[in-house]
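These entries record what I looked up, taking strand pairing, helix packing and aromatic contacts in turn.

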Amino acid sequence: MGRPMDSGLADIHVPSGPTSVRHEAAPLESLTLRQLIQRKDNLEEELKALGSVLDTHGVDMQTNLTDADGFPRADIDVAQVRVTRARIISLRNDWKALMDKIEKGLHEHHAELQQSGSLEKPATSSSSIAAPVTQPATAPETPFATVNSVEPGSPAHEAGLKAGDKIRRFGTAIWSNHTNLRKVAEVTQQNLGRPIPVKVLREGASEGQELDLRLTPRQGWGGRGTLGCHILPI
């Protein structure tokens, strides 16, 4: 496992962004649970729209924006791509804060129902509140790590991982909970000798190809670690 590294974009000042979908400016503490969920839905719509902006330029969050001589590329609108990327980073952070607040709100909601002895009566409405939270359409499938290198003959190599693969899911680790890859390390330690489902996005000959792999961490394969690959957070 590689040492976590910052993405290098966290300190960029983010303008309002190129889309018209905006979420409210009210502080999270002042919103009801339903309002929090609505804000989450709006935020995910904006993330999807911003992703489409990058798609129109043929780039993603990691594409190099300079040419071989170090100058801004002339074939894309570099300024707009940078603004869009910065806005996406800002909204991803907002999404994580929203999800934490919604999760706490749901726990409090169910606790109140149990205390009042009316858990069965509002079960339908409670389920309708929880449903959008368990199915966030955009952010959980956002790549959160890049495979920097893979050792020949390692478990990662046998699973089919390649340098440059962008990891969208590693067992239960996703963008919203990986915490600088600590969740990846936790999943690895809990599954020694057992296959871990890994979802990656691979570019190249089949650009944008999504692959579902199975990686079985193990010791004694002939190299360092139990995976045999170097992973960096995005």
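Entry 1, strand pairing. I began with strand β1 (residues 145-150) and strand β5 (residues 229-233), which pair in the antiparallel sense over five bridges. The model I am reading is a predicted one. At T146, I find L232 of β5 standing opposite. I then looked for a further partner of β1 and noted β2 (residues 166-170), again in the antiparallel sense, over two bridges. In β2, K166 is the bridge partner of T146.

Which residues of helix α5 (residues 182-190) are buried? I list V184, V187 and T188. Viewed down the axis of α5, the buried residues fall within an arc of 100°, so they line one face of the helix. An α-helix has 3.6 residues a turn, so residues three or four places apart point the same way. On the face of α5 turned away from the buried side I note the exposed residues R182 and Q189. I traced the packing of the buried residues of α5 to β2 and β3 (196-202).

My search of the whole structure returned one aromatic pair. The ring centres of W95 and W175 lie 6.0 Å apart with the planes at 55°, so I class the pair as tilted. The pair links distant parts of the chain, 80 residues apart: W95 belongs to helix α2 (residues 78-116), and W175 to the loop between β2 and α5. I find both W95 and W175 buried. I also note the charged end of K96 over the ring of W175, 5.6 Å from its centre.

Definitions and conventions: Residues are numbered from 1 along each chain as its sequence is written. This is a predicted model: local features need pLDDT of at least 70, side-chain atom pairs count only at pLDDT 80 or more; totals for chains, interfaces and linings use all residues. Side-chain values use heavy atoms; hydrogens and water are left out. Two strands pair if DSSP finds at least two bridges between them. Helices (H or I, at least four residues) and strands (E, at least two) are DSSP runs, numbered from the N terminus. Buried means under 20% relative accessible area, exposed over 50%, partly exposed in between (1.4 Å probe, protein chains only). The arc is that of the directions from the helix axis to the C-beta atoms. Contact means heavy atoms within 4.5 Å. Rings of Phe, Tyr and Trp (its six-membered ring) pair if their centres lie within 6.5 Å; planes under 30 degrees apart count as stacked, over 60 as edge-to-face and the rest as tilted. A charge sits over a ring if NZ of Lys or CZ of Arg is within 6 Å of the ring centre and within 35 degrees of the ring normal.
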